[in-house]
Amino acid sequence: MNRDGKWDTKYLLQVLSRFNESEEGKHAKVQLLLPMGRPPGQREFNIKEIRLVDNILIGPDKAKHKLIIMVE
């Protein structure tokens with residue numbers, strides 16, 4: 001993360017490599033969580049947080065964890 005609190009490529013790779021060290025993180029599905037109330041034409045977002053969470057098993061998907069990328 002750089003001085004203004006924005007994510008840069010180096011920091012993003014560091015965070016993702018830490019998730020990749022665990023079996024849960026290696027095989028987690030990835031989802032992008034968009035902010036509520038965003039303008040319909042908004043196409044660019046800044047990463048706010050990345051979190052590994054338990055996946056509620058509904059339907060055929062057998063993934064037990066998901067990596068949520070929250071943007072703002």
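Trainee: What should I know before I start?

Mentor: Residues are numbered from 1 along each chain as its sequence is written. The model is predicted, so local features need pLDDT of at least 70, side-chain atom pairs count only at pLDDT 80 or more, and totals for chains, interfaces and linings use all residues, while side-chain values use heavy atoms, with hydrogens and water left out.

Trainee: How many helices and strands are there in the protein chain?

Mentor: Start with the rule. Helices (H or I, at least four residues) and strands (E, at least two) are DSSP runs, numbered from the N terminus. Here the protein chain has two helices and three strands. Their pattern along the sequence is α-α-β-β-β. The C-alpha trace spans about 35 × 30 × 15 Å along its principal axes.

Trainee: How do I read burial?

Mentor: By relative accessible area. Buried means under 20%, exposed over 50%, and partly exposed in between, with a 1.4 Å probe and protein chains only. The protein chain has 72 residues, and buried residues make up 19% of them.

Trainee: And what about the surface as a whole?

Mentor: Accessible areas come from the Shrake-Rupley method with a 1.4 Å probe; for residues, only the protein chains shown count as cover. The accessible surface of the protein chain comes to about 5,900 Å². Carbon and sulfur atoms account for 53% of that surface.

Trainee: Which residues form the largest nonpolar core?

Mentor: First, the idea. A nonpolar core is a set of buried Ala, Val, Leu, Ile, Met, Phe, Trp, Tyr and Cys residues joined through side-chain atoms within 4.5 Å. The largest one has eight residues: Trp7, Val15, Phe19, Ala28, Ile50, Leu67, Ile69 and Val71. E3 gives the largest share, three residues.

Trainee: What does valine 15 touch?

Mentor: Contact means heavy atoms within 4.5 Å. Leave out residues up to four places away in sequence, and valine 15 touches Trp7 and Ile50. Valine 15 sits in helix H1. Its relative accessibility is 8%, so valine 15 counts as buried. The C-alpha atoms of valine 15 and arginine 51 are separated by 9.8 Å, though these residues are 36 apart along the chain.

Trainee: Which residues is phenylalanine 19 in contact with?

Mentor: Set aside its neighbours within four places in sequence. Phenylalanine 19 is then in contact with Gly25, Lys26, Ile50, Arg51, Leu52 and Leu67.

Trainee: Is valine 71 buried or exposed?

Mentor: Valine 71 has a relative accessible area of 9%, so this residue is buried. Valine 71 lies in strand E3. Not counting residues up to four places away, valine 71 touches Leu32, Leu33, Leu34, Pro35, Phe45, Asn46, Ile47 and Lys48.

Trainee: Where is proline 40?

Mentor: Proline 40 is in the loop between strand E1 (29–33) and strand E2 (47–54). At 82% relative accessibility, proline 40 counts as exposed. The C-alpha atoms of proline 40 and glutamine 14 are 32 Å apart.

Trainee: How do I read an aromatic pair?

Mentor: Rings of Phe, Tyr and Trp (its six-membered ring) pair if their centres lie within 6.5 Å; planes under 30 degrees apart count as stacked, over 60 as edge-to-face and the rest as tilted. The whole structure holds one aromatic pair. The rings of tryptophan 7 and tyrosine 11 have centres 4.8 Å apart and planes at 65°, so the pair is edge-to-face. Tryptophan 7 counts as buried at 18% relative accessibility, whereas tyrosine 11, at 24%, counts as partly exposed.

Trainee: What about lysine 6?

Mentor: Lysine 6 lies in the segment before H1. At 34% relative accessibility, lysine 6 counts as partly exposed. Beyond its neighbours within four places in sequence, lysine 6 is in contact with Met1 and Asn46.
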